[in-house]
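Trainee: Hi! Could you walk me through a structure today?
Mentor: Happy to. Have a look at it here, and then ask me anything you like.

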Number of protein chains: 2
Amino acid sequence: MSQQTVAVLGLGNMGGPMAANLAAAGYHVVGYDPVPAANEAAVARGVEVVPSAVEAVADASVVITMLPSGGHVIDAYKGPDGILAAAAPGTVFVDCSTIAVEDARAAAELAHEAGHRALDAPVSGGVGGAEAGTLTLMIGGSETDLDAVRPVLEVVSGRLVHCGESGAGQAAKICNNMILGISMIAVSEAFVLGERLGLSHQALFDVASTASGQCWALTTNCPVPGPVPTSPANRDYQPGFASPLMLKDLKLAMQAADSTSTEARIGALAAAIYTDFAFGPGRELDFSAVVQDIRDRSQSGD
Amino acid sequence: MSQQTVAVLGLGNMGGPMAANLAAAGYHVVGYDPVPAANEAAVARGVEVVPSAVEAVADASVVITMLPSGGHVIDAYKGPDGILAAAAPGTVFVDCSTIAVEDARAAAELAHEAGHRALDAPVSGGVGGAEAGTLTLMIGGSETDLDAVRPVLEVVSGRLVHCGESGAGQAAKICNNMILGISMIAVSEAFVLGERLGLSHQALFDVASTASGQCWALTTNCPVPGPVPTSPANRDYQPGFASPLMLKDLKLAMQAADSTSTEARIGALAAAIYTDFAFGPGRELDFSAVVQDIRDRSQSGD
């Protein structure tokens, strides 16, 4: 039985474990990352590392990219020295990076023009989900292209959701994460208001977790220690989902809102709040630590 | 077996069915409301209606108030012509109105000074919950006083949550509803942004309902028709929970934030958004109709 080759470009916190899981599942995984330590870790987990992205894609039928920004993806894809030119015709390019909807559409168009197939497939589930192979993948692109790589993606994903045509996966991710960022601030403001009214964290949790205030930000990632033992609040807000990553997603959402003239006032305020926080005290903390910022900003009262 | 007398003051959309359920459970229910139609409806459902609040409480061991504002509650309680003066010593006053935390504390203090017992017990669950006897009651006051009226309250409530001392029930309710109001705007902004990015309602729902954007506002009261058949969006946004009531709760939350110097920027913006909406197109609509307002305000784009 001939082994299918999958290229993975970007072997960091997310791409590294995804590549390792594919290797463990029996695929021939060829990887590339500009960071030597990432390459070393990947080699130790069964990935063949090569000196360039172009070499990585040469024999691959599927190319997974997990890169920091839309600019990185498009730069890697295009031009005579790009990976689209280097890959065999009909290769399926699966971009798992979280990037702007318009960048995702541009990347897919470049791939199609070069005779390839393309999906946007941003993930949720964090490093834990990448390690466990249980990421949720939000897919934009054709059903046919998705079906062609479904067995590969099922190795890294516990849930594949086909959201629509190119860019729809990115759209779903930023809309979801905009709700999440706003919810976390809402829950945090409620806990601080409760504190100042003499309401215990547990009492508010007991009411809201089973009432109309219930949300993932409260019941899974509860921003105060105690009610949800597994939430980052119980480990000094070590991420989890770091504030700068939440800021990145809120900025992508606001970029999309601007480009489509969408009124998103609460989203814009959430982006402003996370801008202050992620560049300030929240730089290395889980996004739920914004509760501390709200508490600090509230005056001592009387 | 002697029948316990419960007074219910305020026989409107909420107090009316609560009184009827108590009568159906075998209590002697004496009610009062300034609105004749409310009295007639109550009589038809087994409530003895009397011409004044003072007469209603004369033989009652428990007095339930369900009134529009803190001013109404305090006016009814105090003074030589008030119900505190008219009731037998040791009567338990249970205020189910949604009012300011400081008004709730003042009302309880008045009751205690008059030799009575007092709980704040705002409800959630709406008219449907009142009819079905399944309201959630958020209780502030002593455990002893709660235990004294637990059998009565269990007739109208599916869930009693003791939140702390006087005012804690009101605090829990406004904190919960502040999360709810913000969440609803967040979900609505996400749906409109998704629309303008070409993402279907169902695709966003499928992603967010089982991911980190999950919240009651999405999965129970979904603001767009389709994904959740029972949500008000499927019946032209007939309430449900009317926008002016959401605005009332957000204003109470902002009043509490102001009086405690709590930083609640997202809550304040949500209150501003619902102020525009509830006095404008949302006057008679469910609070989830705010999605239409966000859609209308978004320009047509290019």
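Trainee: Let me pick a residue. Where is B:Ser212 placed?
Mentor: B:Ser212 sits in the loop between α10 and α11 (216–219) of chain B. Keep in mind as we go that this is a predicted model.

Trainee: Okay! Is B:Ser212 buried or exposed?
Mentor: Its relative accessible area is 12%, so B:Ser212 counts as buried, the cut-off being under 20%.

Trainee: Which residues is B:Ser212 in contact with, leaving aside its neighbours within four places in sequence?
Mentor: Those are A:Asn176, A:Asn177, A:Leu180 and A:Trp216. With A:Asn176 there is also a polar contact of 3.0 Å, joining the two side chains.

Trainee: Those partners carry the letter A, so let's zoom out. How many residues of chain B are in contact with chain A?
Mentor: 62 residues of chain B are in contact with 62 residues of chain A. Between them, the two chains bury about 5500 Å², and 65% of that is on carbon and sulfur atoms.

Trainee: And how many salt bridges are there between chain B and chain A?
Mentor: The count is zero. Polar contacts do turn up, though: 27 residue pairs across the interface, with both residues at pLDDT 80 or more.

Trainee: Which element gives the most to the side of chain B that touches chain A?
Mentor: That is α9(B), with 20 residues. As for the kinds of residue on that side of chain B, they divide into 37 nonpolar, 15 polar and ten charged.

Trainee: Can you show me one? What does B:Glu131 pair with?
Mentor: B:Glu131 forms a salt bridge with B:Arg45, and their closest N and O atoms are 3.0 Å apart. B:Glu131 lies in helix α7 (residues 126–132) of chain B, while B:Arg45 is in the loop between α2 (36–44) and β3 (48–49), so the pair ties together parts that are 86 residues apart in sequence.

Trainee: Nice. How accessible are B:Glu131 and B:Arg45?
Mentor: B:Glu131 has 37% relative accessibility and counts as partly exposed. B:Arg45 is partly exposed too, at 39%.

Trainee: What about chain A? Which residue does A:Arg150 meet in a salt bridge?
Mentor: A:Arg150 meets A:Glu143, at 3.5 Å from N to O. A:Arg150 is partly exposed at 25% relative accessibility, and A:Glu143 is partly exposed at 40%.

Trainee: You mentioned α2 of chain B. Which residues are buried in α2(B)?
Mentor: B:Ala38, B:Asn39 and B:Ala42 are buried there. They cover an arc of only 100 degrees around the axis, which puts them on the same side of α2(B).

Trainee: What covers those buried residues of α2(B)?
Mentor: The cover includes β2 (28–32) and β3 of chain B.

Trainee: And which exposed residues are on the face of α2(B) turned away from its buried side?
Mentor: That face carries B:Pro36, B:Ala37, B:Glu40 and B:Ala44.

Trainee: Last one! What is phi like at B:Gly46, which follows α2(B)?
Mentor: The phi of B:Gly46 is positive, near 95 degrees.

Notes:
Residues are numbered from 1 along each chain as its sequence is written. Chains are lettered from A and ligands numbered from 1 in the order in which they are written. This is a predicted model: local features need pLDDT of at least 70, side-chain atom pairs count only at pLDDT 80 or more; totals for chains, interfaces and linings use all residues. Side-chain values use heavy atoms; hydrogens and water are left out. A salt bridge is a side-chain nitrogen of Lys or Arg within 4 Å of a carboxyl oxygen of Asp or Glu. Buried means under 20% relative accessible area, exposed over 50%, partly exposed in between (1.4 Å probe, protein chains only). Helices (H or I, at least four residues) and strands (E, at least two) are DSSP runs, numbered from the N terminus. The arc is that of the directions from the helix axis to the C-beta atoms. Contact means heavy atoms within 4.5 Å. Buried area is the accessible area (1.4 Å probe) that two parts lose on being put together, summed over both. A polar contact is a pair of N or O atoms within 3.5 Å; within protein, one must be able to donate a hydrogen and the other to accept it, and residues adjacent in sequence count only if both atoms are side-chain atoms. Ala, Val, Leu, Ile, Met, Phe, Trp, Tyr, Cys and Pro count as nonpolar, Asp, Glu, Lys and Arg as charged, and the others, Gly among them, as polar.
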